[in-house]
Each structure stands twice: as structure tokens, then as C-alpha cells.
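Student: I have a model open and would like to go through it with you. Can we start with the terms?

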Amino acid sequence: MNASAENSTEHTRTGGSVDSLKRAFTDNLFYVTGRTFRKATPIDHYTALAYTVRDRLLERFIHTAQDYRHQRAKTVAYLSAEFLTGPHLGNNILNLGLWPNLSQALTELGLDLDTVLDTEQEPGLGNGGLGRLAACFMDSLATLEIPAIGYGIRYEYGIFDQEIHDGWQVEITDAWLRNGNPWEIPNLQRRFPVHFGGHTEQYVDKQGHQRTRWLPETTILGLAYDTPILGYGVQNVNLLRLWKSEARESFDLQAFNHGDYYGAVNDMVVAQNLSKVLYPNDEPEVGKVLRLRQQYFFVSCSLQDMLRITLRDTDGLDHFPDKFAVQLNDTHPAIAIAEFMRLLLDEYHADWNRAWALTQRSFAYTNHTLLPEALETWSLDLFRRTLPRHLEIIYEINSRFMDEVRMTFLGDQGRLARMSLIDERGDKAVRMANLACVGAMAINGVAALHTELLKTTVLKDFHDMWPEKFSNKTNGVTPRRFLALANRPLAALIEETIDHGWLRDLNEFSRLEPYIDDAAFRQRWREVKRIAKVSFAAYLREVTGVTVDPDSMFDVQAKRIHEYKRQHLNLLHVVSHYLRLKQQPDLDTPPRTFIFSGKAAPGYRMAKLVIKLTNAIADVVNRDRKVNDRLRVVFVPDFSVKVGQRLYPAADLSEQISTAGKEASGTGNMKFSMNGALTIGTLDGANVEIRNAVGEENFYLFGLNVDEVQQRFADGYHPRDVILQTPELHEALDLIGSGLFAHGDKQLFAPLLDNLWNHDPYLVCADFHAYRECQGRVANDFRDAELWSRMSILNVARIGYFSSDRAIREYCRDIWKVQPVSITVS
Ligand SMILES: *Cc1c(COP(=O)(O)O)cnc(C)c1O
């Protein structure tokens, strides 16, 4: 508290009492938004409250930066092209411990906290799981008091907003900055130049050393926009530093002097375009110069910033690895390996061996995918045109590395070709995963199964060469956002039962286990789930117009739409369930609401057709009076962190049904389970570990495992034969093919159906029978409310391991070698 506060009351900008908060809110409403209380709109209310909360972060933010600096603390630099943070306001209120007082303050002012929270436009600076992981990690790093900076891009347009028109996905640009962003602090003095194009030349410096100079074609600037990231129940406020691109001032001036005013303006527009838009996943990488430029842009700014900090806080460059552990979130920032080398060689005049040794002690790489088509490569031509100096450096790294491979594997030609940083086949390309593996001190997968598959398949050669570099770090999610914030009734029941230690140590949840035998507790557990379902049903009605029964089973699949995630397997079960209800009107089965949500990449035709099919099935089924008291299908538009926070708590059943071996980890699976949903799933990604943790009797397992999937393909897989031998599947496919869901159009869904009949690369048909049968067991068990409650409680009680706090502790211990630094603000 500020000692200079007037009249022994608290300071308006820092105080936490109801009175201070009321005063701060009204002050901010007037002085920030320039509106009187009577004229204020919901956005004004949000802005005023956001500034009220931000004011209370700033003292800690500044203290944290100072303390880290004075203690010369080793810092984690988390490099990620995506940070899907979700709305900030609620999380900061929770972490500050201000919830009760702020809620009261607003009530006394005639406002409602939840309504104000709902006004926040979330920064959609990520596609899905990978970006959300980065955000969960930032939350855990701060909560664990680990010095950390998240480095990324301040996209002006994040992931598109999804609207549904006539059942189809329509992409709307995400103007998340429209109403301003109270959470970012532009740090306009932190600006770094970033170069592109041009060529290189050799020269001899004054000491007589042979050196290389890059003569770039263009130079732009990166400007830092800082967002404070507060930990839960601690004073540490870490930094999320996102770079925005701008034209260099001198650049337009120069052109202006040459009389080319419009050319100069055009160059400015080009420079500003760089950080304009986030690229959606699952699209072909071809020709995306801008994407490569974005990656290089944010990596270069971030490394220049880290080198500045290193030279400021240590005795020199050689201490870089003691000052920073740099984590590469997938290969998007892998160009950092070459850029760090360039900075050391060309700017700091280090010799190769010294520079390479520093590189290999500083970087670590997290792999996120086993899909070969998702492994990043850049055409050699494009790369040379964009980053000519980096290509030279990559060639040099490769030449030395190839010598090492030759020595290790005695000239094994196949290995050399596979491990080379350059793919020499066909259109030559730079392989970013190989670059990351060679330059990093540590390589990790994100679930036990995923890491094993990395070691035996996509990264096998690298594992054979450097087994000691590999380790597993199973993903986790933050229980603050995904339970405390998203599901307050459940959090309250848990807190009442085992106190609140779980917010900092999720293993405390194991203390819930004995309550499975407490009938009164089980009753309350069901009441809490029902509250979430009622509230979600109201939301659904509002956004889709569809009414659903909160007492039906909420069967939910919410994630990006992708064939490997197999939303179409789920849909085939829905159709088959519908058929069964039509054929056996007296069938005794619990009412179900099938809920789908997720975005498809704008250029991914099949995924967009899956969305259309979902809505088409929903249209028919929801209008069919014969079944619609027992079956509803809904597609929730615009899946996001915000929508997730409503959806995860309301689920009874969590669909985690990817083809075994395709999902690296999944984190949605953890969020559902943490909120008491049971999982129906395959042995894929972290499902394997979730099932082991919660107990196999509390998890609905079905389908082929990884070995069986491989065997099926090895034996020659013919989906047509499977379909002809599986009558329920055949019927479901034919019903879709009949045009029932397309006003008689038999062609609309043909691309999907033909693919299943003739190729089925994700084994939907092979797994259908087992899936349907497993869904039968789910239905049976759901009717036994007491049994279901026990299983649900056990899922929560045993989910402690899947906290992102546990994941971060492992990274700190095994890879980053960093220690916590406690911050105390007097
Ligand atoms: C957790 C999360 C995901 C990841 O879901 P998966 O089921 O693991 O694919 C994607 N998007 C959002 C908004 C999330 O919160």
C-alpha cells in the first residue's frame, strides 16, 4: 500500500477495499473513457474495470523486473508464434485475489461483474492447442515465480472469427484491437531493426579476419508491446513481449528525397503488413513468404533483446546460456538457431566454434506433431531470397553436421540424406525440424506416447545420434483459468471440501477421492454439473436458437476440425443413433445432446464440409418430432478460449477420438476431465496417461492402438470391405448419401463419403464398430447417476498430474535449469 495515501485511506490506484475499487472504477470511467457514468456503454465499463485492475498490477510488474535484474536471475525465453491467452480481465482479478471485493464494488454501482467480463474481446493470437499451451505455460511460470519472458508477434488480426451461414463456416477478420487493448503497454523505446533480402559479401576486418557482411534489401523495425502476466497468489508479474512491425523512419524520408513519395508509402505499408495477420494452421505452406518473414521478424527482435539484456546484466556474451534458456515452441521459431549464429558471428565477431558452443547450450526444441505434412520446410529459393545470410550459415552448420553423421554412422548414405538440413530431393527445401534438432541442447515431445513415437519414427535418426537430448514433457493446463475461473460453482464445492491449496498444487485433488462414498457429496457434485449445463443451455439458445435439455447427456467434441481428430466418426455415430431411434421408437436410452465446436482452416475443404455436415444433420434431427426429446445436435460457433470456458464445465462426455498415433498430446482432454467429464477416447496422445491416472474403469476406451493402426495399413486397408461388413456404418453412410441432410442433393457430401469408401486414411471405418459399441456402454452407465458421479469425481480427484504447473516444474528441472525468484512488494 502506498504510504502517501490521503487521509489514511488507501491509494485509489492500488487499494483493494470495496471503497477504493469503487472510487478507482468511477475515476477510470471518467478519465480514461471520457464518459460520465450515465452515458457509459458496456465497453466503457469494461475499459474502466480493466484499467482499475491493470493499475493494481503495475507496481508488482516494475518490482519484478527490477528484482530479476538485480538478482541476475536466469530467465526462460519462451519463443512462440502463438499465445492464445484468452480474456485477461477475469484471470487477473482471480490472481490478484480481488474477486469478492470487485464483485461487491460493481454491485454497489449497479453493475454486474460477469456482464462486464463478458464484454472483453479475447486476443485470438493462436490457432488452438499449441498457442493455448504457451498461454498456460506463461500462467504457470509466473505462479511458480520463475523469471520468464514470452516472445511472440502482436498480430493485428488474430485467428478469424467463425460465423455459420446456411451451415457453412464463414471467416470474419478478427479486429480484436477495435476497442483498444488495456492490457498492453507499448514500449516504444524497445525497437530493433530486422533485415530482409539482398546479398552477402566477404571482407577482411581491421584485425585481418575474414568476415561476412549482409547487405539487405529492406530493413524494418520491431516495436515491443508488453503485457504483464501475473501469477496466482504471488507478486511475480512476468512479461509477454509481442513485436509489432513498422517502417523505419529514415526509410520513407530517403525515398521522399528521391521524389518517390508513393513508393515510400508503399514500402511503409509492406513493413506494417508483416505483423498484420496470424496464419491459420493446416494449410499448404507453399508461397507463404510472409509467414517466413513473420517467423524471422519476431525471432530476430527477441534475440536482439536477449543479447541486450545479457550484455546489460552479465560480464559478457559468453554468459548468454547462464542468463537465458530459450525454448522453441515447435519449429516456427527454429530460425533462431541461424539468427543467433549470425548475430554472434557478424555483429559480435565471435568465431564459429565459440558461437556454436553458445548456441548449443542455449536452445531447446519442443516438437508438436507427428504428421509428416505438418513438418515445416521452406523452399530453398524462397529462403535464399528472404534470408541469404542465414542460408549460408545453415549450409555451414550442415557441412560440419554431415561430417559428424558420417563419422557416427560410417558413411550411411540414407542417414545423411534424411538428416541433412537441406532436403535435396525434387524442389530443394530447408528442413526446420532438422535445424532445431541439430542446434538444440534438448528435444522434447508433449506426451509419453508422442515422445516414444518421435524417437522411433520422425526423429529416429536424431535419437540414434543423440539419445541424451530427448525427453518427454507431458502437456498440462492451468487449473486457475480452466477450473477456478471457468467453473466457479465446482471450484467452490471443492474449496469447501478440501480448502484452496489445489490452486497452487493440483495434487491436492487426491483428497477428494474418499468423497466418492459420500452420497450427499455426490448429490452436490451433480447439482454443480447441472448449474454449468443450465448456464450453457442458455448460452446455446442465445447464439444458435437451439433449445437443449440440461438433463440430457452433453456429449461434446470441441477442437480444431481436422480429419485426424475424426469429427466425422462422431457424426457417423450420431446418424447411426438417429437411425436406431427411428427404427426402435421405444428404445430405452438416455437423451443426448451432441455438441460440436471448432474452426476449420479456411483452405481445408474437407474440414469445412464436416462443419456443413454437422449443421445439416442438426437441422434435420432437431426438427424431427419423433426423436427430438431424446436427441439434439448443435454446432457452437466460434470456438475460442472464451467459448471453451463455458463449454468444458458443461460436458458429461469428452470426445477424444483421434486415430491412434496422430494427436501429439491434446490438452482439451485434460480440461474436460478436470471439470468432471468422462472421456471416450483412443489410446492416443495424453489420453494414454489420463486413462492410467484416472483408472481404466473410469475411461471409455475403444479402437485400434498405434501398432494395430500400422498393421492395418501394412496388411493393405480396404475401407469398402469394412463398410460392407458393418451394417450400421453402411446404413449411416447411405443415409448421408441419400440427400436426406441436403434437401435431396446427393452430391453435396460426396467428397467426404467417397473418401471414406475408397481411402479412409484415418481409419474411421475400421474404428466405427468399436466406437459405437463403446458409446452403448456410455449410455448404459449414464443412466446410473450414482455410478456416473463416482467416476466423474475420480476423474477430477486423479487429474492433478495434468496441471501445467507440473509440466513447467519438469522443464525447469530437466531442461532450463532455472530457479524461482520470490518477489515481495512492501
Ligand atoms: C485447449 C484448447 C484447444 C486444444 O484442444 P484439443 O482438444 O487438445 O485439440 C484448442 N482451442 C482452444 C480454444 C483451447 O482452449
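Tutor: Helices (H or I, at least four residues) and strands (E, at least two) are DSSP runs, numbered from the N terminus. This is a predicted model, in which local features need pLDDT of at least 70 and side-chain atom pairs count only at pLDDT 80 or more, while totals for chains, interfaces and linings use all residues. Residues are numbered from 1 along each chain as its sequence is written, and side-chain values use heavy atoms, with hydrogens and water left out.

Student: Where is Glu145, then?

Tutor: Glu145 is in the loop between α6 and β2 (148-153). Its phi is near 65°, a positive value in a residue other than glycine. Most residues other than glycine have a negative phi.

Student: Is Glu145 buried or exposed?

Tutor: Glu145 counts as buried because its relative accessible area is 17%, and buried means under 20%, exposed over 50% and partly exposed in between (1.4 Å probe, protein chains only).

Student: On to the ligand. Which residues come nearest?

Tutor: Of the 14 residues around the ligand, the nearest are Lys559, Lys565, Thr667, Gly668 and Lys671. A residue is near a molecule or strand if one of its heavy atoms lies within 4 Å of it.

Student: What are the distances from the lysine side chains to ligand oxygen atoms?

Tutor: For Lys559, an N or O atom of the side chain is 2.8 Å from an oxygen atom of the ligand. For Lys565 the distance is 2.8 Å, and for Lys671 it is 2.6 Å. Taken alone the ligand exposes 390 Å², of which the protein buries 95%; accessible areas come from the Shrake-Rupley method with a 1.4 Å probe, and for residues only the protein chains shown count as cover.

Student: Which helices supply at least two residues of the shell?

Tutor: α6 (129-143), α24 (641-650) and α25 (668-674) each do. The shell draws at least three residues from each of domain 2 (72-87 + 122-475 + 810-816) and domain 3 (482-705 + 726-732 + 767-802), with bounds from an automatic or database domain assignment.

Student: What does UniProt list for Lys671?

Tutor: The unreviewed UniProt entry lists Lys671 for "modified residue: N6-(pyridoxal phosphate)lysine". Such annotations may be inferred rather than shown by experiment; positions are given in the numbering used here, and feature names are shortened. Lys671 is found in helix α25, and with a relative accessible area of 6% Lys671 is buried.

Student: Different spot. What does the Asn795 side chain reach?

Tutor: It reaches the backbone oxygen of Asn698 at 3.2 Å. Asn795 lies in helix α32 (residues 785-797) and is buried, at 0% relative accessibility.

Student: And where is Arg342?

Tutor: Arg342 is in helix α11, and its relative accessible area of 3% makes it buried. Arg342 and Trp214 are 128 residues apart in sequence and 9.6 Å apart in space, C-alpha to C-alpha.

Student: Last one: is Asp118 buried or partly exposed?

Tutor: Asp118 is partly exposed, at 41% relative accessibility. Asp118 lies in helix α5 (residues 113-118).

Methods:
A polar contact is a pair of N or O atoms within 3.5 Å; within protein, one must be able to donate a hydrogen and the other to accept it, and residues adjacent in sequence count only if both atoms are side-chain atoms.
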